[in-house]
Amino acid sequence: MMDHPAWPEGRQEGREALQNALLAGLAALREGQAHTWWWCSPDWADWPLEHPDLLAGLQAWMLAGGHLKLLAADYRHITAQHPRFVQWRVQWTHRIEARGVGRSGRDSCPNLCWSPLGGWEVLAAERGVLVSSATPRAVVAWQERFQGLWERATPAFPGTTLGL
């Protein structure tokens, strides 16, 4: 793992901090040619998943071989508030794996996003405060937190629904 210059460093605050961090992370992934990105949120309520630049960037990243791992306590908000993201997810169901920890696991499910190149974690969603880093120490810490939850989670948020 190496520090990647496109990944933001340090504390960020404000209403657009999460949006800026997602877009900067996406740029870092595309420049650094990282092929897997892990997202975790209790319910995706504060994530700007309808942002046109994010969707366009995710589309290009997927075309280049990207894989997205989603982990949440609850996916109801994402289906209700982010229909364009949900439609995009259907298109890329073969490259997106989603798991859930259930609503009872909500308190243990952080708002975080990481890749081998860097990541960030929301410290206070109500104030728009997050910390981001590209240091190997931070990335490993986020990976360990995510992996522990991922192992206990079950498949969720299917890309397609089977009907009779």
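**Strands, burial and build**

Mentor: Let's start in the sheet: strand β2 (residues 36-41) and strand β5 pair in the antiparallel sense, with 3 bridges between them. This is a predicted model, where local features need pLDDT of at least 70 and side-chain atom pairs count only at pLDDT 80 or more, while totals for chains, interfaces and linings use all residues. Residues are numbered from 1 along each chain as its sequence is written, and side-chain values use heavy atoms, with hydrogens and water left out.

Trainee: What makes β2 and β5 a pair?

Mentor: Two strands pair if DSSP finds at least two bridges between them. β2 and β5 have 3, so they pass that test.

Trainee: How do you know how many strands and helices to count?

Mentor: Helices are DSSP runs of H or I with at least four residues, strands are runs of E with at least two, and both are numbered from the N terminus. That gives 5 helices and 8 strands here. From the N terminus, they run β-α-β-α-β-α-α-β-β-β-β-α-β.

Trainee: In what order do the strands sit in the sheet?

Mentor: The 8 strands form an open sheet, ordered β1-β7-β6-β5-β2-β3-β4-β8, with mixed pairing. β1 (10-13) and β8 (154-155) are the edge strands, each pairing on one side only.

Trainee: Why are both faces of β5 called covered?

Mentor: Side chains in a regular strand alternate between the two faces of the sheet. In β5 (residues 112-115), L112 and W114 are on one side, C113 and S115 are on the other, and all are buried. "Buried" means under 20% relative accessible area; over 50% is exposed and in between is partly exposed (1.4 Å probe, protein chains only).

Trainee: Why is W44 called buried?

Mentor: Its relative accessible area is 0%, so it falls below the cut-off. W44 is in the loop between β2 and α2 (52-63). W44 also has a positive phi of about 65°, though it isn't a glycine.

Trainee: And what about F157: buried or exposed?

Mentor: F157 comes out at 9%, so it counts as buried. F157 belongs to the segment after β8 and has a positive phi of about 50° without being a glycine. Across the chain, 50% of the 164 residues count as buried.

Trainee: Which share of the contacts comes from residues 24 or more positions apart?

Mentor: Among contacts (heavy atoms within 4.5 Å) with a separation of 6 or more, those residues account for 79%.
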